[in-house]
Amino acid sequence: MKCPYCGHLDSKVVDSRPADESIRRRRECLFCQRRFTTYETVESVPLMVVKKDGSLQNFDRNKVLNGVIRACVKRPVPFSTQESIVDEIEQELQNAMQREISSERIGELVMERLKSVDEVAYVRFASVYRQFRDIDTFMTELSKLLAGE
């Protein structure tokens, strides 16, 4: 860190503390011994979703949450559980260090979590997500669920 007073490049951190969405650091120049304050913030790169048609959209956790809520309507799944599903998915996507994620991948992550929480909600979400066109494709998915796949 460059000293704002003398321009020397070496300084030591005297104090650090959180400040809103950043970290406030008190530094002391190792050359002139004057103190100054710096703020560090985490740089976040927005996640982009690659849609089926190839277009890009910003990741919107509310869209994922609304899909989960619709799948869980009239099911014994607490709202806190639904939110935690979306939180887990968002965190997994952030940790993946990929800036572009396919909508298919997001749908698979939702189904993976719903399957372990509520099977009816899973089937509801899968029927919309996979766009079942007839009863045979629906029964195939249901058979997989019953077989434990």
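A charge sits over a ring if NZ of Lys or CZ of Arg is within 6 Å of the ring centre and within 35 degrees of the ring normal. The model examined here is predicted.

**Exercise 1. Aromatic rings**

Task: Determine which residue lies over the face of Tyr-5, and how many aromatic pairs the whole structure contains.

Solution: 
- Step 1. The residue placed over the face of Tyr-5 is Arg-34, at 3.9 Å from the ring centre.
- Step 2. The cut-off for a charge over a ring is 6 Å from the ring centre, and the value for Arg-34 and Tyr-5 is 3.9 Å.
- Step 3. A search for aromatic pairs throughout the structure returns 0.

**Exercise 2. A salt bridge between strands**

Task: Locate the partners of the salt bridge between Glu-40 and Arg-25, and classify each as buried, partly exposed or exposed.

Solution: 
- Step 1. In general, side chains of opposite charge can pair when their charged atoms come close.
- Step 2. Glu-40 and Arg-25 form such a bridge through their side chains, with 2.6 Å from N to O.
- Step 3. Strand β3 (residues 35-41) holds Glu-40, while strand β2 (residues 22-29) holds Arg-25; the two residues are 15 residues apart.
- Step 4. Because its relative accessibility is 33%, Glu-40 counts as partly exposed.
- Step 5. Arg-25 has a relative accessibility of 18% and therefore counts as buried, the limit for buried being under 20%.

**Exercise 3. Salt bridges between helices**

Solution: 
- Step 1. The salt bridge of Asp-87 is with Arg-61, and their closest N and O atoms are 2.2 Å apart.
- Step 2. Asp-87 is partly exposed at 40% relative accessibility, and Arg-61 is partly exposed at 23%.
- Step 3. Glu-92 meets Arg-105 in a salt bridge of 3.1 Å, N to O.

**Exercise 4. The largest nonpolar core**

Task: Identify the element that gives the largest share of the largest nonpolar core, and list the contacts of Leu-114 beyond its sequence neighbours.

Solution: 
- Step 1. The largest nonpolar core comprises 25 residues.
- Step 2. Elements contributing two or more residues to this core are α1, α2, α3 and α4 (119-129).
- Step 3. The largest share comes from α4, with 6 residues.
- Step 4. Leu-114 is one of the residues with the most contacts inside the core.
- Step 5. Beyond neighbours within four places in sequence, Leu-114 contacts Val-68, Ala-71, Cys-72, Ile-85, Glu-119, Ala-121, Tyr-122 and Phe-125.

**Exercise 5. The surroundings of Thr-38**

Task: Decide whether Thr-38 is buried or exposed, and find which side chain makes a polar contact with its side chain.

Solution: 
- Step 1. Thr-38 is situated in strand β3.
- Step 2. Because its relative accessibility is 10%, Thr-38 counts as buried.
- Step 3. The polar contact joins the side chains of Thr-38 and Arg-27, at 3.2 Å.
- Step 4. Not counting residues up to four places away in sequence, Thr-38 touches residues including Met-1, Ile-23 and Arg-25.

How values were computed:
Residues numbered from 1 in each chain as written. Predicted model: local features only at pLDDT ≥ 70, side-chain atom pairs only at ≥ 80, totals over all residues. Heavy atoms only, no water. Phe/Tyr/Trp six-rings, centres within 6.5 Å; stacked < 30°, edge-to-face > 60°. Salt bridge = Lys/Arg side-chain N within 4 Å of Asp/Glu carboxyl O. Helix = DSSP H or I, 4+ residues; strand = E, 2+ residues; numbered from the N terminus. Buried < 20%, exposed > 50% of the residue type's maximum accessible area, 1.4 Å probe, protein only. Core = buried A, V, L, I, M, F, W, Y, C linked by side-chain atoms within 4.5 Å. Contact = heavy atoms within 4.5 Å. Polar contact = N/O pair within 3.5 Å; in protein donor to acceptor, adjacent residues only side chain to side chain.
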